[in-house]
Amino acid sequence: MAANKTVSQISPVMPTYARFPITLVKGKGSYVWDDQENKYLDFTSGIATCNLGHVPDPVKEKLEEQLQNLWHCSNLYHIPNQEELAALLTANSCGDQVFFCNSGAEANEAAIKLARRYANNVKGSGSNEVVTFQQSFHGRTLATLTATGQEKIQQGFSPLMPGFSYLPFNDNGALDQLQTIKPAAVLLELVQGEGGVIPANPDWVKKLAQICKDNEILLMVDEIQTGIGRTGTLFAYEQYGIEPDVISIAKGLGSGFPIGAIIAKEEAAKGFEPGSHGSTFGGNPFATAAGLATITHILESDVLKHVVDISAYLDQQLQILKEKYLVIKEIRGTGLLKGLVVETSALEIVQKAIANNLLILSAGPNVVRILPPLTATKEEVNEFANKLESAFQSIEKGA
């Protein structure tokens with residue numbers, strides 16, 4: 001200990017998270033256990049990250065194999081797992097090339113950099129503006145929090161990065177402004193997760209895509225939360241009849257291991273060349289082993305069909321609760337990304353659920369966010385519904 005340094009009772013970890021009073025130490029499938037051996041049904045999936053549940057066997061086996069060989073090497077050398085994962089992602093998307101990084105924020109950062117560099121170095125347009133949408137969430141780096149259309153996320157970080165503007169989400173009339181702004185790119189979520197679980201209107205998305213195409217604006221879709229099967233297709237954009245120029249992914253890609261990526265069409269990918277962007281850890285052998293095992297299992301199993309079936313069953317159970325409890329005003333979302341709009345504090349419901357050994361999330365002050373693993377069973381959905389009902393009963397009684 002340094003001389004004259006006193007022992008503090010304050011945690012040495014910076015207080016950037018408002019943590020719940022639980023210490024999780026173990027997980028398997030749809031369940032986690034705390035350090036007191038209490039078992040919880042986890043319908044957060046690590047915020048849409050553990051899409052195959054906790055410690056899925058196909059990913060565990062691949063990582064155990066990789067542990068015996070090579071953990072890390074720099075991107076100065078070819079990495080077979082990286083090539084194979086990129087090939088899988090491009091074969092199953094509208095994209096042609098992949099850049100790997102470590103997180104969703106880094107993926108969106110890479111997308112923003114790619115858009116600006118494409119505009120400046122390939123098109124020579126001089127336009128570096130990126131348009132995003134109100135209530136969006138794109139990350140916590142300076143560029144991605146500026147891209148985020150929520151003042152609460154940006155508070156205290158001024159001056160924000162220049163070159164961003166925001167339009168109302170799902171507003172047809174507002175899209176006409178794109179022809180005036182003439183941005184380098186548009187970045188959007190097809191379901192605004194953090195912003196309240198708000199799906200994009202399909203007709204609005206098609207109009208946006210057509211405007212981008214007609215005006216040579218890159219269309220970039222943030223699939224950090226919706227991607228990797230959560231909405232019932234590998235990527236949510238598949239359900240909208242569009243082809244983005246750039247797709248950003250992370251979260252579910254590594255089943256809990258940190259990995260992110262952007263998938264770009266060949267023309268957009270021309271914005272990057274050797275030395276223009278990079279990442280020390282991005283796409284290393286261990287991270288891409290996790291990604292490869294995750295994507296392979298999703299594509300070779302019935303996971304996507306199961307998501308369609310189990311999400312319909314989840315909808316039924318949520319509708320039953322809505323009919324019983326007036327505090328529930330609306331059910332929204334897509335696939336296994338659901339939001340309950342409530343007339344009370346969402347945080348209070350989350351806390352009551354924890355007391356019933358159920359983990360769920362909030363998405364703003366009045367929206368409860370529900371993110372089951374893609375592998376959740378009917379029995380687990382029934383258990384979830386029973387535990388959530390107990391939470392609503394407790395609130396109704398004022399307990």
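This is a predicted model: local features need pLDDT of at least 70, side-chain atom pairs count only at pLDDT 80 or more; totals for chains, interfaces and linings use all residues.
**Entry 1: Ile360 and the cores**

I then asked which residues of the largest nonpolar core touch the most other members. They are Leu208, Ile360, Phe384 and Leu388, in a core of 85 residues. Another core, of 25 residues, lies apart from it; Ala111, Ala185, Ala269 and Phe272 are among its members. As background I recorded that nonpolar side chains tend to be buried together in soluble globular proteins.

**Entry 2: Helix H10**

Is H10 mostly covered or mostly open? I looked up its residues and found it mostly covered, with twelve of its 16 residues buried. The buried residues are Pro285, Phe286, Ala287, Thr288, Ala289, Ala290, Gly291, Leu292, Ala293, Thr294, Ile295 and Ile298. I asked next what covers the buried residues of H10. The cover includes helix H2 (57–67), helix H3 (80–91) and helix H11 (303–324).

I also checked the length of H10. At 1.5 Å a residue, its 16 residues should span 22 Å, and the end C-alpha atoms are 22 Å apart, so the two values agree.

**Entry 3: The sheet of four strands**

I traced an open sheet of four strands in the order E13-E14-E17-E16, and its pairing is antiparallel. Its edge strands are E13 and strand E16 (361–362), each of which pairs on one side only. For reference, I noted that strands of a sheet pair through backbone hydrogen bonds, either parallel or antiparallel.

I followed the pairs one by one:

- E13 and E14 are joined over six bridges, and Arg332 has Gly339 in E14 as its bridge partner.
- E14 and E17 are joined over four bridges, and Val341 stands opposite Val367 in E17.
- E16 and E17 are joined over two bridges, and Leu361 stands opposite Arg369 in E17.

The hairpin of E16 and E17 has four residues between the strands, and there Gly364 takes a positive phi near 95°.

I then asked which residues of strand E17 (residues 367–370) are on each side. Val367 and Arg369 are on one side, Val368 and Ile370 on the other, and all are buried, so both faces of E17 are covered.

I looked up a second open sheet, of seven strands, in the order E4-E12-E11-E10-E7-E5-E6 and with mixed pairing. The edge strands are E4 (97–101) and E6 (164–167), and each pairs on one side only. From one strand to the next, the twist averages 20°.

Within this sheet I examined E7 (residues 185–189) and E10 (residues 218–222), which pair in the parallel sense over five bridges. Leu188 has Val221 in E10 as its bridge partner. Helix H8 (residues 202–214) lies across strand E5 (130–133), E7 and E10, and runs at about 160° to E7.

**Entry 4: Salt bridges**

How many salt bridges does a search of the whole structure find? It finds eleven. I looked up three of them.

The side chains of Lys265 and Glu243 meet in a salt bridge at 2.9 Å, N to O. This pair links distant parts of the chain, 22 residues apart: Lys265 is in the loop between strand E12 (260–264) and helix H9 (266–269), and Glu243 is in the loop between E10 and strand E11 (246–249).

Glu343 forms a salt bridge with Lys329, with the closest N and O atoms 3.7 Å apart. Here too distant parts of the chain are linked, 14 residues apart: Glu343 is in the loop between strand E14 (337–342) and helix H12 (346–355), and Lys329 is in strand E13 (residues 328–334). Is Glu343 buried or exposed? Its relative accessibility is 60%, so Glu343 counts as exposed. Lys329 has 42% and therefore counts as partly exposed.

Glu267 forms a salt bridge with Lys270, and the closest N and O atoms are 2.9 Å apart. Glu267 counts as partly exposed because its relative accessibility is 36%. Lys270 is also partly exposed, with a relative accessible area of 47%.

How values were computed: Residues are numbered from 1 along each chain as its sequence is written. Side-chain values use heavy atoms; hydrogens and water are left out. Two strands pair if DSSP finds at least two bridges between them. Axes are lines fitted to C-alpha atoms, for helices over the stretch in contact, and angles run from 0 to 180 degrees between N-to-C directions. Contact means heavy atoms within 4.5 Å. A salt bridge is a side-chain nitrogen of Lys or Arg within 4 Å of a carboxyl oxygen of Asp or Glu. Buried means under 20% relative accessible area, exposed over 50%, partly exposed in between (1.4 Å probe, protein chains only). A nonpolar core is a set of buried Ala, Val, Leu, Ile, Met, Phe, Trp, Tyr and Cys residues joined through side-chain atoms within 4.5 Å. The expected span of a helix is 1.5 Å times one less than its number of residues.
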